[in-house]
Amino acid sequence: WTILRNLEMLAEGVRRELIVLCFNTATLDEFQGSFASVAGRHPIRILFPRGLATGIKPIDGVAFFEAGTMKNFFGVNIFENVFSAPISREGVLFTLECIFIADDHESMLIYSQDGKRMAVIITLPFITSVQSQLFSQMIARAHLVNKI
């Protein structure tokens, strides 16, 4: 309930666009109602790993993209190797489900920690601005799956 309420507040605060990185379509389905209020007012762009957008039902006002290859200066495919893969730290497994970015002002990460769903809300401008720019670049290199 707390995650849903915070996501609804994030959606209400969108003034330009909502960017979503989705790694779990069940999570996206669960929170689809939160998109309805945004989709009528502002564009929503959702980025999926390759193959995950197949079979996703279209949502009015929402553009779906499949990730292309984006490597940082270390030569690592950021989307595939950093965001899509679970991370193990000291015996705890962290799996990213979705990242929501409202404009470049606020973001929300939904993840599971050993199967327990958790979320982090970020409002620090240094982080949200970098996230927005990075994810916009990922979308620019992605393949459009459907049109708004």
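## A look inside the fold

Reading from the N terminus, the elements of the chain go α-β-α-α-β-β-α-β-β-β-β-α-β, which comes to five helices and eight strands. Helices here are DSSP runs of H or I with at least four residues, strands are runs of E with at least two, and both are numbered from the N terminus. Bear in mind that this is a predicted model, where local features need pLDDT of at least 70, side-chain atom pairs count only at pLDDT 80 or more, and totals for chains, interfaces and linings use all residues. Residues are numbered from 1 along each chain as its sequence is written, and side-chain values use heavy atoms, with hydrogens and water left out.

Some whole-chain numbers to start. Of the 148 residues, 43% are buried, where buried means under 20% relative accessible area, exposed over 50%, and partly exposed in between (1.4 Å probe, protein chains only). The accessible surface is about 8100 Å², and carbon and sulfur atoms hold 56% of that; the areas come from the Shrake-Rupley method with a 1.4 Å probe, and for residues only the protein chains shown count as cover. Among contacts (heavy atoms within 4.5 Å) with a separation of 6 or more, 57% link residues 24 or more positions apart.

Now for the inside. The largest nonpolar core has 26 residues, and those with the most contacts inside it are Leu18, Val20, Phe35, Ile44, Ile46, Phe48 and Phe100. A nonpolar core is a set of buried Ala, Val, Leu, Ile, Met, Phe, Trp, Tyr and Cys residues joined through side-chain atoms within 4.5 Å. Two or more residues come from each of α1 (2-12), β1 (18-22), α3 (32-39), β2 (44-48), β3 (62-66), β5 (92-102) and β6 (106-113), with α1 giving the most, at four residues. Apart from this core lies another one of 17 residues, including Phe23, Leu109, Tyr111 and Ala142.

| Pair | Sense | Bridges |
|---|---|---|
| β1 and β2 | parallel | four bridges |
| β1 and β5 | antiparallel | five bridges |

At residue level, Ile19 has Arg45 of β2 as its bridge partner, while Leu21 stands opposite Ile99 in β5. Val20, leaving aside neighbours within four places in sequence, is in contact with Phe35, Ile44, Arg45, Ile46, Leu47, Ile99 and Phe100.

Over in α3, Ser34, Phe35, Val38 and Ala39 are buried. Down the helix axis they fall within an arc of 135°, so they line one face of the helix; the arc is that of the directions from the axis to the C-beta atoms. The buried residues of α3 pack against α1, β1, α2 (25-30), β2, β3 and β5. On the face turned away from the buried side sit the exposed residues Gly33 and Ala36.

Finally, there's Cys98 in strand β5, buried with a relative accessible area of 0%. Not counting residues up to four places away in sequence, Cys98 touches Leu21, Cys22, Phe23, Asn24, Thr27, Met108, Leu109 and Ile110. Its C-alpha atom is separated by 9.8 Å from that of Ile46, 52 residues apart along the chain.

Methods
Pairing = 2+ DSSP bridges.
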